[in-house]
Amino acid sequence: MKRMMIVAGSLLLGAGAVMAQQEIAVQQDNLMRSQAKSLYTVIQKMTKGDIPYNQKAVDEAIANLEADVAKIAKTFEVNPKQDVVDATYGSSQKVWQNKADFDSKIPPVQKAIAAVKGKIKDVASLKAAYTSINDRCADCHETYRVKLK
Amino acid sequence: MLQRTSLVALLAAVAVAGVYWWLSAPVVAAAANAPAHVPDLANGEVMFNAGGCASCHAVPNQPDRLRLGGGVAIKSPFGTFYAPNISPDPNDGIGKWTDADFVNAVMHGVSPAGQHYFPAFPYTSYQHARREDVLDLFAYLKTLPAVAGKVRDHDVGFPFDIRRNIGIWKFLFMDGKPLVADGSKSPQWNRGAYLVNSFGHCAECHSPRNALGGIITGQRFAGAPNPEGEGWVPNITQKRLGEWSAKDLANFLKTGELPDGDSVGGAMTRVIKNTSQLPDQDLAAMAEYLKSLPPVDGPTPPKRKQAS
């Protein structure tokens with residue numbers, strides 16, 4: 001009986017660990033999605049004219065982006081060793097093999113955001129800001145973002 | 001009796017060796033009486049960007065994509081290849097090459113010394129290029145800065161390290177047929193077909209390969225596991241890109257932005273650095289051709305990655 005309880009207990013713990021790992025992967029995915037929302041769903045769409053220019057929405061998107069980017073190093077501290085179920089993109093294991101290099105890609109994004117913060121006044125300046133920020137995102141995605149299907 | 005059997009065996013072995021030697025020999029174009037060509041540098045630059053030369057041959061970890069000193073490591077199931085120096089340096093690069101040397105390298109995969117190149121160098125696609133475009137590219141490369149330094153040897157295991165074997169590989173998987181323009185299609189479509197299938201060499205990564213590394217013809221462009229390891233190279237036939245308009249495709253090649261409001265990642269990021277430099281009409285042509293690819297089912301990506 002005792003042995004069975006130990007087995008059952010460790011199975012539960014194991015399942016819990018798997019859940020936790022998936023949870024971590026989801027948290028990391030959500031953080032990236034939140035940034036995509038600011039940069040693509042708001043800013044990129046405005047640069048393309050899909051939605052009208054809106055100063056308040058721009059300022060909010062930049063502020064949200066800045067807050068999210070500051071969380072990347074911490075959120076990606078633990079390697080979940082799995083991808084979000086059915087995700088199109090995932091993290092390369094290289095993130096945790098070269099965590100210092102991964103982290104070194106973050107300050108340039110922050111610098112690009114700081115350089116344009118409060119200076120975006122119209123579609124033209126928004127376009128320039130979008131490119132300067134997105135290029136720094138791509139610098140990291142080139143190595144550390146993996147397409148899964 | 002035994003003597004006779006061994007004689008037959010010996011003769012058979014000699015015959016096999018002879019056929020091997022014949023099939024594995026490096027074949028190049030005749031250099032003599034090739035027409036003289038006045039190079040067009042602007043066209044050479046377009047071919048440079050369509051061909052993505054910089055992605056592998058530019059010196060890694062420095063910002064200038066025109067410093068072609070080589071050194072990028074290209075991982076494959078057969079070993080790791082190191083892209084060579086193709087800058088105009090006379091000793092370490094291609095500064096001393098003749099036009100014929102360059103054409104043979106790019107279109108036939110044969111070095112000036114008469115050895116096969118590994119097909120990590122996508123001459124299987126470049127063979128479909130026009131000779132004049134290849135010579136324009138050569139002239140353009142010669143205008144770029146010379147970079148000193150030889151790149152280390154490839155790290156490829158036996159038996160793949162025997163260059164002569166590549167001759168057999170070419171016999172099996174390199175069709176050697178020129179790309180014929182389709183008269184029923186628009187000039188723009190034909191230009192796109194040309195760029196995608198020759199210099200663009202899109203199929204090299206976007207198609208599955210067999211155990212010997214040959215492209216599975218029936219599933220050309222239908223996606224494949226990433227040869228560098230993690231992840232998947234997507235199906236780019238209409239099976240997967242049916243919802244993309246030609247305009248979406250052209251915009252993607254220009255900016256790396258996907259129609260669903262995301263941006264490119266992985267190895268394609270490096271490809272976009274090249275295609276973003278192409279003239280808009282060439283991007284539109286490639287888009288029109290890609291949009292015309294019939295839907296084909298490719299291999300299925302693994303459901304979920306479990307890291308080791």
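What pLDDT does chain B average, and what share of the residues score at least 70? Some notes on that and the rest follow.

1. Confidence. Chain B averages a pLDDT of 93, with 97% of the residues at 70 or above; pLDDT is the predictor's confidence in each residue, on a scale from 0 to 100. For the model as a whole, ipTM comes out at 0.77 and pTM at 0.88.

2. Ground rules. This is a predicted model, where local features need pLDDT of at least 70 and side-chain atom pairs count only at pLDDT 80 or more, while totals for chains, interfaces and linings use all residues. Residues are numbered from 1 along each chain as its sequence is written, with chains lettered from A and ligands numbered from 1 in the order in which they are written.

3. Chain A overall. You get seven helices and two strands here (DSSP runs numbered from the N terminus: H or I of at least four residues for helices, E of at least two for strands). Starting at the N terminus, the order is α-α-α-β-α-α-α-α-β. Of the 149 residues in chain A, 28% are buried (20 or more other C-beta atoms within 10 Å of the residue's own; 12 or fewer is exposed, in between is partly exposed, and C-beta atoms are placed from the backbone). Among chain A contacts with a separation of 6 or more, 81% link residues 24 or more positions apart (contact: C-beta atoms, placed from the backbone, within 7 Å).

4. The α6/α7 pair in chain A. The axes of α6 (residues 106-116) and α7 (residues 123-144) come within 9 Å and cross at roughly 175°, so α6(A) and α7(A) are roughly antiparallel (the label for angles over 145 degrees). On the α6(A) side the residues are A:P108, A:V109, A:A112, A:I113 and A:V116, and they meet a set in α7(A) that includes A:I133 and A:R136. By class, this contact has eight nonpolar, one polar and two charged residues (nonpolar: Ala, Val, Leu, Ile, Met, Phe, Trp, Tyr, Cys, Pro; charged: Asp, Glu, Lys, Arg; polar: the others, Gly among them).

5. The A/B interface. Here 18 residues of chain B touch 23 residues of chain A. On the chain B side, β7 (262-263) and α12 (268-275) are the elements giving two or more residues. That side splits into four nonpolar, eight polar and six charged residues.

6. B:N251 sits in helix α11 (residues 246-255) of chain B. It counts as partly exposed because it has 18 C-beta neighbours inside 10 Å. B:S276 is 25 residues from B:N251 in sequence, and their C-alpha atoms are 9.1 Å apart.

Key
Axes fitted to C-alpha atoms, helices over the stretch in contact; angles between N-to-C directions. Parallel < 35°, antiparallel > 145°, perpendicular 65-115°, else oblique. Contact = placed C-beta atoms within 7 Å.
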